[in-house]
Amino acid sequence: MTLRGRLTAAFLVVVLGPVLLGAFFVASTVAAVDRSRSTERLAVAASTVRTSVDALCQQLRATADAVALTGDPAGAAAQLVGRGLAAGVLITDVTGQVTYASPGAPSTPWRDCSGSTVPPGPVRALAARVDLRDRAGTLLGTVAAAQLVDPAFVARLAAVTGVAVTLLDGGASAPRVTHTTESREVRDAVLAAANATDGERVTETTEGRYVRRIGPSSGQPLPLVLSVASERPPALHVTLFGVVVLAGLLAVLTAWRLARVTTRPLVELAGAVDRVAHGDLTARVPVRTRDELGRLAAAFNRMTRETGSYVAALTSSRDQLRGHLAVLGDTLASTHDLQRILRVILHSAIAATGARAGAVLLVEAGGVLVAQCTEGLDGRFPEGGGPETLRVPVGVGVVGAVAATGEPQRGRVEPTGAPAGEPRCRTYVAVPFATPGGGTTATPGGPGTQVGGGGATGEEAGAPAVALGVLALYDRLGADEFDDDDLVTLRTFAGHAAVAVDNVRVHEEAQRLSLTDPLTGLWNYRYLRESIRREVERASRFGRMLSVLALDLDRFKDVNDTYGHAAGDTVLAEFARRVRGEIREVDLAFRQGGEEFVLLLPETDARGAAIVAERLGAAVRETPVAVEAYAGPIVVTVSVGIAVYPDHGSTGREVLEAADDALYAAKAAGRDTYRVAEVCPDVPRLEIPVPAGAVSPPDGLPRAGRPVQVVREPGGPARSEPAAGVPESPSGPTHARPEPAESQADSATDTARPGPDATRPGSSGGASSGPHPPRQSRGR
């Protein structure tokens, strides 16, 4: 239904409703008044009938008393009948035999005035009976005086009461009319209504007459029906219907006119709305009046103008957000640099929400949130503090509570009431980002480093998400507070941050697992190839030495055959731990395969490598490996082969093969010892003079010292000469192992290796990987 149809219907309901209600009220009121008046007339008529019948009974009783008191009952009876006080007198003796009956008396039986029951048969006369006694009071019989009940009697009652009167017989189950003043047209309807009525209730016939039944009762033994015609106007309902129809026609015409006038501006407005819905924001509605519809049209025109401005702003914002998301997607896809990713996420979140400042904090060891990247926080900390000092314990302050509960927060805070350690601001919004469960995470500490307590157990597999950090923004531009839309937007960027952090950590962990040996925690053969190439290039670039040690556990097959592979694994793991304890942090330890291991010692000559080999041999030999499954410890030894770059090879592969050859020489020499590879005499080389050179002295053990030149003359042996322009060190050659140039800052506290008899190092030991993968943690 159209709006015009609904308005018309509403107007008709509003107008015709009262008209219909009024017509109904008039009809019901007239009917109620008519029924009330008719009921009242019938009540008066019933009272009049009772009074008339009672008076008649009193008259008959007096007549019977008069006959009974005279000495000549027959003469008195004839005299009273002649005066018209009774229609007949009947005298009976004590046995019920009639002793006198006045001439012309009504036929019996007579209806006794004192009776309340209806005997069968029609009512012919109404009688009053008294006892007949002598002077001594002896009962001689009864005297009955009767009055004829005929149509004239019923007509007199109707004349006295002013209503129609019907006398019924009392014999049949369905009473019949004996005498009535009703017309033949309504007689049957009145009789039917009387038969359907209980007691003396008033009922209405279909012909519009009200009927009431009275008697028989004490004092009124006649079964009578009283009826009165309704006083309602005969055409009342027709008149009311005509009034309603006429009012309805007028209402329809008026409603159609008003609906047309009212809906015309709305039709125009609907057309303009359709145009706007199809993208035409230039649609306008003519303002015809200054009423509510006119104001609506003006408001619509203003709304379309502002909507056009908003759409333009939203389009610009959408394009900007698309740009940020594109940059974010490219960053996530092109790099695993966590700092760069977090900076892009923070910058995009600030631009998308209009914040003035923000920070990304990650949970680190000890349950402390540490700022990884910040923007716009300068000048928001107390004196002496800055963005780099933003460290908040989990559960403390706003961002700490967000990380602890996992629930985002937004609100307002006075600058003087900012939580300790957090930047001053007026408004803030902070959202946590997390990944499900905990686990092993690669960190710069080296292989095997655990973050968050290790991998999830069976009970922890369904644990709630572990908070990785918090993305917090401060002081929104152009608004008092951050709203729910900003919170939803920030949740999106926090989700990206969680994915980025998790991806980076998974990538680091995957890289660590791909480069380490799972049993010993040392670097594997794959990383050995990369590391030896890199270390050889570094040694060549800076003119330094690089020692390569090939290690092999002696008779390790016997350990596996005797004690089992589980014990062999224990021996290998313990050996790796002791190796990590005997080398510097810049040194690299690898498991090449089986019981074979390799060490790379940067800036270490053959003498220093020999010292390391002796210490490793002592560390393995002097302390047997305890295995829980066996009563006694397992005694193992190690053989070591040493090769030095560049004396034993010009490439990493050559140096490694030379160390392997030296290892076999150590095995051939009886095991549990070390051997240094032999220098290849047929490789002509010219050492380039540099501030720190690496050559092999005539004794065959290359060591770090002053720069020299290796000169090979045709047909003669090689000889070493000091490099031009470089004086010899006054202290002479040294066996100390200096740190690599690029690692000296990290190893400034490292000292030279002690001799073979020196105490084995404690905390100074450890293994490191180099610049590319994460460093190995120290082992003991």
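Q: What links Arg37, Arg41 and Glu231?
A: In this predicted model, Arg37, Arg41 and Glu231 are linked in a network of salt bridges. The count of salt bridges in the model comes to 27.

Q: What makes the contact of Arg50 with Glu200 a salt bridge?
A: A salt bridge needs a side-chain nitrogen of Lys or Arg within 4 Å of a carboxyl oxygen of Asp or Glu. The closest N and O atoms of Arg50 and Glu200 are 2.5 Å apart, so the pair meets that rule.

Q: Which parts does the pair of Arg50 and Glu200 tie together?
A: Arg50 belongs to helix H1 (residues 3–69), while Glu200 sits in the loop between H4 and E8, so the pair ties together parts that are 150 residues apart in sequence.

Q: Why is Arg50 called partly exposed?
A: The class runs between the limit for buried, under 20% relative accessible area, and the limit for exposed, over 50%. Arg50 has 28% relative accessibility and therefore counts as partly exposed. Glu200, at 32%, counts as partly exposed too.

Q: Why is Asp517 called buried?
A: Its relative accessible area is 11%, and buried means under 20%. Asp517 is therefore buried. Arg591 counts as buried at 15% relative accessibility. The side chains of Asp517 and Arg591 meet in a salt bridge, at 3.2 Å from N to O.

Q: What makes Glu535 and Arg538 a salt bridge, and where do they lie?
A: Their closest N and O atoms are 2.5 Å apart, and the cut-off is 4 Å, so the pair counts as a salt bridge. Both residues lie in helix H10, 3 residues apart, which is about one turn of the helix. Both Glu535 and Arg538 are buried.

Q: Why are strands E7 and E8 said to stand at the edges of their sheet?
A: The open sheet of 5 strands has the order E7-E6-E10-E9-E8, with antiparallel pairing. E7 (177–180) and E8 (202–204) each have a single partner strand, so one side of each is left without a neighbour in the sheet. From one strand to the next, the twist averages 25°.

Q: How do you know that E8 and E9 pair?
A: Pairing takes at least two bridges between two strands. E8 is joined to strand E9 (residues 209–214) by 3 bridges, so the two count as paired. They run antiparallel.

Q: Why is Val245 called partly exposed?
A: Val245 has 39% relative accessibility, so it falls between the 20% and 50% limits. Val245 is in helix H5 (residues 236–277). With Phe241 and Leu249, Val245 forms a nonpolar patch on the surface.

Note on methods. Residues are numbered from 1 along each chain as its sequence is written. This is a predicted model: local features need pLDDT of at least 70, side-chain atom pairs count only at pLDDT 80 or more; totals for chains, interfaces and linings use all residues. Side-chain values use heavy atoms; hydrogens and water are left out. Patches are made of residues with over 30% relative accessible area and no salt bridge: like charges are joined within 9 Å, nonpolar side chains (Val, Leu, Ile, Met, Phe, Trp, Tyr) within 5 Å. Accessible areas come from the Shrake-Rupley method with a 1.4 Å probe; for residues, only the protein chains shown count as cover. Helices (H or I, at least four residues) and strands (E, at least two) are DSSP runs, numbered from the N terminus. Buried means under 20% relative accessible area, exposed over 50%, partly exposed in between (1.4 Å probe, protein chains only). Axes are lines fitted to C-alpha atoms, for helices over the stretch in contact, and angles run from 0 to 180 degrees between N-to-C directions.
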